[in-house]
Each structure stands twice: as C-alpha cells, then as structure tokens.
Amino acid sequence: MEPRKSGIDEVGDVPWGTHICYINTSRDGKKDFLTIAASFLAEGLQHGEACVWIYSEKITSDFEVRKVLKRHLPNVDDFIACGQLKLISHLNWYLEDNIFNTSRLNKQWLDLLKSAIKSGYEGLRAVGDVTWLENNLFNIFADYEQQIDSIICDLPFLALCLYDNSNFDLFELADVINSHSLTIINEHGKLKLLRNIELLIKCKQLEKSRADYQNLLKLLPDGILIHDSTKIYYCNEAATRIIGVKEIRELADLYPRDLFDNENLNKYDEFIHQILQENISPCYLECQISDKNGVIKDIEVVASRYLYNGVPTVLSVVRDVSHLNKINKLEEDMRKNNELLQATLEYDKMKTEFFSNISHELRTPINVILSALQLMDKFKKSMPQDDRESKCLKVMRQNCYRLLRLVNNLIDITKIDSNDFELELRNCNIVEVVENITQSVANYIKSKGIRLQFDTNTEERIIACDPDQIERIILNLLSNAVKFTSPGGNIWVNVYDLAEKVVITVKDDGIGIPKDKQKYIFYRFQQVENLFNRHHEGSGIGLALVKSLVEKHGGTISVKSEVGQGSEFIIELPVETLSQSECDLKIVSSVTGHNFAERAYIELSDIYA
Ligand code: ADP
C-alpha cells in the first residue's frame, strides 16, 4: 500500500493503519493540537480521503475547528457540504446518553469507513479529541484504544487522538502510549515523536507475514478472489488464469456477472445473496463460466463473507475443474464402452454357439432329404420317367445342395471363429490339385457359354496343404467367376511356381467389382449388389470363408478388378512341406474319390440350374 502524507512534519509519511496520539503537557498544547489536527486533516482532504474531526466541546467548538481548518483550506465548507469532511461533537460520538459503549463505537468507526469507501474515497482519516475523558473512564477507554489499534492496523484508516496529560497518572499515560504506533508529545511548544517499539516490531512481523502470504497466494494453484456481484477487489495470479486475463489490472473494469450465462447467473446471484445477505458461510458453488476469451470452464467455488476495507465482500477460492470433469467423463464413457464391449462379446459368443448348434441341426434334415432323393433316383431308373417329376427332383436336389453349402460354410466359419477348425495337411502337388478341380467343372462352365482355360509354368510343385479345402477355395472362386461373367466370357485359372511361393489366380472378364467395394467383399455377408438390387444367388460368406481357409494355409488372397473389365483373385501360398515324420500319408497327386462330383455340386450349387 502507498504511504500517506501525515501533514505533520515530525511524523512524515505513514502507512494506512497508523494510530497516532498527541499528548498535551502544556498550556499552549491545545492551540498547537488544533493546528496539527487541521494540517493532518487538510492533507487527507486534498488526497481523496474522507475525514472526520470529533472535537471536544470541553476545549473547542464547531466554529473554532472550522476557523483553524480554513487557515489550511479556505474552502473547507465545500468539503463539509459534499460530505467529505464531518465535524462531530464528542457528545454525539463517544457518548450516548453519557454512556461510553466500546462495541457501539467500533461499529460507528467501521460504518464511517464503509460509507467512505462506498462513496469512492481512498480511506478514512480521523481526529479524535479525548480531552473530555475523565479519570474514572480511563480503564475502559484504554481497552477501547487497544481494540481500535488492532482493528485499524489492517484498514485504510489513519487516526490522530488528543490526550491531556493532566487527567492521567504516569502509568495511565504509559498505557496510552502503548496503544498507539506513534506518540507526539508537546512540551512547552516543542514537539517530540516517540515510536512504539513493540508496535514497530509487530508491524515488521506483520509486513513479513504479509509478504509470506502474498507469496503463498501467488503460488497457490487455486484462484483467490475478493469480490461482490459488481466488482473484483483483489485476485491472485491463478484467478487471472481462470478468468482468462493476462494481468490483474485488466480485472478493474470486469463486471463479474458478465462471466455467466443466464442459467449460471441465477446460481451465482443466489450464491452471493446467501453469503452477503443471509450470512451463510462457507458457501459452495459448482457452475460454468465463459472466460474473457469465451472459453467455457467448469469451476468449483468455496466462499465466505469477508470484510475488505470495512466493506462486506465475498472471499472465494475458485478451482478450474474442466479437465477433471473431462477426465471423469472420459472414464465414464470408457466404463460404459467396456460394459458394452463385454456385453457384445458375450452376445457374440452366444451367437456363435447358436450358429454352430443351428447349423448342425439344419444339416441333419437336409442330408436326410438328399438321401431320400438319391434313393428315389435309383428307383426311378427302373421305372418310366415323367419329365415334370424329374425336373422337380432336380430342383429339389439342387436346392438341397445350396442349403448344404450354406450350412457347411456357416459351420466352418463359426469353427474358424472359435479356433476350432483344423486343416488336414498333406504334401500334395498343388498344380495337379488345382488343375483337376478346374477340369472337373470345365464341361459345366462350357455349357454356360463361358470359356475356361488352365495354365501353369510348372508341372509339379509339392506343398503342404489340405486338398479338400483347396478344392473349396477354387470352386468358390470359380462359382463366383461364373456367376458374374456373361455367356461368351472367359475364365482363366493359373498356377505359378515362384520358388518361395505358389501363386494361384482365378481371373474372369465379367462385370468386375467397384474399387470402393473391393475391400469389403472379403468381409462376411458382404455383397456388392446388396445396395442396389440382387441378380445373383449367394449368401455373402463364400469369400470370407475362402480368405480364412487361405490364411489357415499361411497364405494371402487379394483382388484386382475393374468394373466392366473383370476380376482377378490372387492367392499366394507359402512353399512348405511336411517332414517325413509329420507325413502320415504318402504324397497325393490328385483329388479323387467318389465324393468329388457331389462336393463340386455342393460348391457350385448357387450356379447350377
Ligand atoms: P456370395 O455367396 O454372395 O457370392 P461371396 O463372399 O462369394 O458371396 O462374394 C461376395 C461378393 O463379392 C459377391 O456378392 C459379389 O458382389 C462380389 N464378387 C465376388 N466374386 C466376384 C467376381 N468374380 N466378379 C464380380 N463380383 C464378385
């Protein structure tokens, strides 16, 4: 705080809170005191302070006081008229019905200070003439002076008291000196200044602890504010960060209510009302502010009533909890997502189990129907055939195969999902395996008006594979190639031996697959035509199963395709063989067996008509 000019040469500059006493020991003392008091008040009046002179009717009067003051400030009446200066008789101030009441007096001083601050003055400067004090009141008055000294030491308040030493003994005078920071003694017109060492030490200690707490306030991560609903009187650095300003002085014109939107403003007003009007302390507030830069922040406030320069205000400790709230929300979201994930996994497991069970259940009746159909075929051979009957039988058989394929694929895909699918690896000549499969459906594909060509750069390449599954892979790809190629088109099946890998390609010049759909076709249940309309049979799990089977072999599958140009599916298989001990069967050179034709029927059932 800036030091104030005391207006008394012997005293010089003093800080707010200084309590001075003047002890008169001579006949001229009264005259000197009036002059000193007038100079003291004139200085305050000229520096924006509210001033009051409590004069003792015992030694002076309103008229005399004005006269002395006019010597320093000719326009003193103007100061009185505007309320900056008050001249009050001791009878109307210290005594009420001739009774001296300490707490009433303390309140009177604080009220005067409050109204001075409210009127915009920098503080209060007071002259208190206590020459009226009788010896019998001394003890109670000394207590009051001690209290006043500790009250004003932290306020924008300066006081100059006048004592007449003829009223007191030496001990009483020592008490008077002790309860003031400075004492001016007038002895035969000579002024002497005594500094109260005890109070000086206390002042030093106070200053140190003030510096300590100001440092603490600076370092505190929480915002500290002294404010009411219209003004911020004080804040630390953390508070400036929360409010979104760089420097404390930017807060001078800040209207705290501007930081709140309508909903939060109601909360804030209620909060201030509880503290200032209802005297509830401490009060808590959780709300949002929009800081000076428009950033929305979640804040938590704990506050209580605080007398600042004698004015009731709110002392708030504010914490920005935006990040905390965000983290809490993220944690809550994560917890919910985790629960959802667990539920989904659980559901997925149930679904897989259900698929597996239902697929097995579906396959049994289909097999029964198929067997019955085969028996009927046998009987029919020895009997005359009715065209319509055999057509119906054909349709029934083909649809049984389609159902069987679907069910087989579902069973295998669920087995692969639950890691329950094992390849039966054997060392096979992959070239022959693929060629034989291609040959076996060549006639059928030809009957569709589509040319099928097989080519290879080698006659033999032995690799460890499951020929039954390779057969499903190739038949699936061929079935798709036929499905999406019009009569007159071509299908090429090639096997390339590239030393470290074998590449099998199935290529057609059919309708092709749009670029943006290519990465989805290997996902199960995905069909390019889904979105538009369907012209082709299929369940959308063929390629997903093919991909899983290729990967089970340690290989990869990819597609190259242009709409209207055709598609090429490229399978790359690693060249690995089983050791002799792993080989339980000798090298199989071709896929044979009486079941093959039927398996081909099953795999191509979507396209057989
Ligand atoms: P689906 O059983 O429906 O044929 P797939 O998984 O075998 O299922 O194929 C998925 C989708 O990929 C097909 O519906 C089709 O849209 C597209 N597709 C697959 N092969 C070809 C191809 N050779 N030419 C054009 N589109 C194809």
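Okay, glutamate 551: it's partly exposed, at a relative accessible area of 42%. By that I mean the middle band, with buried being under 20% relative accessible area and exposed over 50%, using a 1.4 Å probe and protein chains only. Keep in mind that this is a predicted model, where local features need pLDDT of at least 70, side-chain atom pairs count only at pLDDT 80 or more, and totals for chains, interfaces and linings use all residues. Numbering starts from 1 along each chain as its sequence is written, and side-chain values use heavy atoms, leaving out hydrogens and water.

So where does glutamate 551 sit? You'll find it in helix H16, residues 542–552. Helices here are DSSP runs of H or I with at least four residues, strands are E runs of at least two, and both are numbered from the N terminus. Glutamate 551 also has its C-alpha 9.8 Å from that of isoleucine 571, which is 20 residues away along the chain.

Now, the helix around it. Eight of the eleven residues of H16 are buried, so the helix is largely enclosed by the rest of the structure. Among the buried ones are Gly542, Leu545, Ser548 and Val550. What's covering them? The cover includes helices H12 (387–417) and H14 (467–483), along with strands S22 (556–562) and S23 (566–574); contact here means heavy atoms within 4.5 Å. Just past the end of H16, glycine 554 has a positive phi, about 80°.

H14 packs with helix H13 (residues 430–447) at about 35°, with the axes 10 Å apart. Those axes are lines fitted to C-alpha atoms over the stretch in contact, and the angle runs from 0 to 180 degrees between N-to-C directions. On the H13 side the contact includes Val433, Ile437 and Val441, and on the H14 side it includes Glu471, Ile474 and Leu478. By class, that's eleven nonpolar residues, one polar and one charged. Nonpolar covers Ala, Val, Leu, Ile, Met, Phe, Trp, Tyr, Cys and Pro; charged is Asp, Glu, Lys and Arg; the others, Gly among them, are polar.
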